[in-house]
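Me: I would like to learn how to read helix packing and ligand contacts. Could you walk me through an example?

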Amino acid sequence: MLKKPNCDVPLFRREKRLFLSPPHPDGRERELLIQAYESNWITTLGPHVDAFEQGMCEKVGVGHAAALASGTAALHLALVMLGIERGEEVLCSNLTFAATANAIVYCGATPVFIDSNRESWNMDPELLAEELDSCARKGKLPQAAFVVDLYGQCAEYGRIDEVCLKYGVPIIEDAAEAMGATYNGTFAGKFGVMGVFSFNGNKIITTSAGGMLVSDNEEYIKRARFLSTQDRDPAPHYQHSHIGYNYRLSNLLAAVGRGQLERLDEKIARRRAINDFYRNALQDLPGLEFMPEAPYGKSNCWLTVILITPQEFGADREAVRLALEKENIESRPIWKPMHLQPVFKDCRVRGGEVSEDLFERGLCLPSGTQMTDEDLERVVNVLKNSRRRNKS
Ligand SMILES: Cc1ncc(COP(=O)(O)O)c(C=O)c1O
């Protein structure tokens, strides 16, 4: 006969889910949002949009900023601003989120991917130089280069600038993941002719969805604002001389962004502390390494990323991911390189082996600012146990 379950004891108890990088509205977001709502600026312009743009300029140390509906919209407008057209080529970091490369295709242009180096996991300046030399010899230079600051760490702009300058190729910095990171003391977003930020739900500061295009060139930003609001000519009626876009950020979301921006420094400090915690707890495990922090800068540690060498660790990256998932902990393989994406299979790539290897072995760990030390312990314990389980 079946025994009646004891209803005082929960049949199924699960620890709270730990997410990779959930939103953390811990400042004046609510107050500012209500203010925006009550002022009835429930549209894509208003005082919070202006103030958010101003706040970003001050934080990044850049002259001008246009608040947009997403980082992808900012990437796209940056290329439109440079006049990128069908048939042209644009260089792009190979290890990135697809949005970077997609924006190139929106313009009818073709991405050419440049692999990462091991020092920063960002675009390898020497492969970039090789590709540009080869393009110059063929007489067809790319029209721009999208350089990504991966997982919150700036690319090697000293050398990248030098190489691009030699061939007159403008850089657009994709700093979507790197708000507040620095390269030789200069903030991410300042490199190249324009910089791009994302405020989607998993970024270090979020507006739920949103982005920003920044530049010291006022003309680019003024033009981007026009284009982002359907490029309406200055006439009392609706008149358009160019194709525009509906890419502006809502005043309500800008209010949330302002609240988030006020706490950016604390958020970076917490992300860096989380990174330190993981390093201290795991650094002695054989076969486990961390994404390196290049000596030229300071990462915002948006996500803590590890590399697992299965032969030494005793389990491969996927086994570790599944072990975490079993304990209700989200983790993710690092970005799948662009040259391995079916949609970009016909695009040229310079190198590729480094990002392939990083993808095979790399895992992003939960890194949200609200994680407690107990939450971090939980992750650490699963990582240690996944090793033991697979070793025995
Ligand atoms: C490197 C990179 N570029 C671009 C984007 C696109 O930003 P969004 O999601 O705001 O369009 C993201 C994030 O999603 C990103 O990580």
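**Ligand contacts and helix packing**

Reply: Let's start at the ligand: one of its oxygen atoms is 3.2 Å from an N or O atom in the side chain of lysine 203. A polar contact here is a pair of N or O atoms within 3.5 Å. This is a predicted model, where local features need pLDDT of at least 70, side-chain atom pairs count only at pLDDT 80 or more, and totals for chains, interfaces and linings use all residues. Residues are numbered from 1 along each chain as its sequence is written, and side-chain values use heavy atoms, leaving out hydrogens and water.

Me: How far is an oxygen atom of the ligand from a side-chain N or O atom of serine 198, and from a polar backbone atom of glycine 71?

Reply: For serine 198 the distance is 2.7 Å; for glycine 71 it is 2.8 Å.

Me: Thanks! How are two packed helices described?

Reply: By the angle between their axes and the distance between the axes. Here, helix α3 (residues 71-81) and helix α4 (residues 98-106) have axes that come within 9 Å and cross at roughly 40 degrees. That makes α3 oblique to α4 (under 35 degrees is roughly parallel, over 145 roughly antiparallel, 65 to 115 roughly perpendicular, and the rest oblique).

Me: Which residues of α3 and α4 meet?

Reply: Thr72, Leu75, His76 and Leu79 in α3 meet Ala99, Thr100, Ala103, Ile104 and Tyr106 in α4, with contact meaning heavy atoms within 4.5 Å.

Me: At what angle do α2 and α8 pack?

Reply: Helix α2 (residues 47-60) and helix α8 (residues 251-262) pack at about 35 degrees, their axes 8 Å apart.

Methods
Axes are lines fitted to C-alpha atoms, for helices over the stretch in contact, and angles run from 0 to 180 degrees between N-to-C directions. Helices (H or I, at least four residues) and strands (E, at least two) are DSSP runs, numbered from the N terminus. A polar contact is a pair of N or O atoms within 3.5 Å; within protein, one must be able to donate a hydrogen and the other to accept it, and residues adjacent in sequence count only if both atoms are side-chain atoms.
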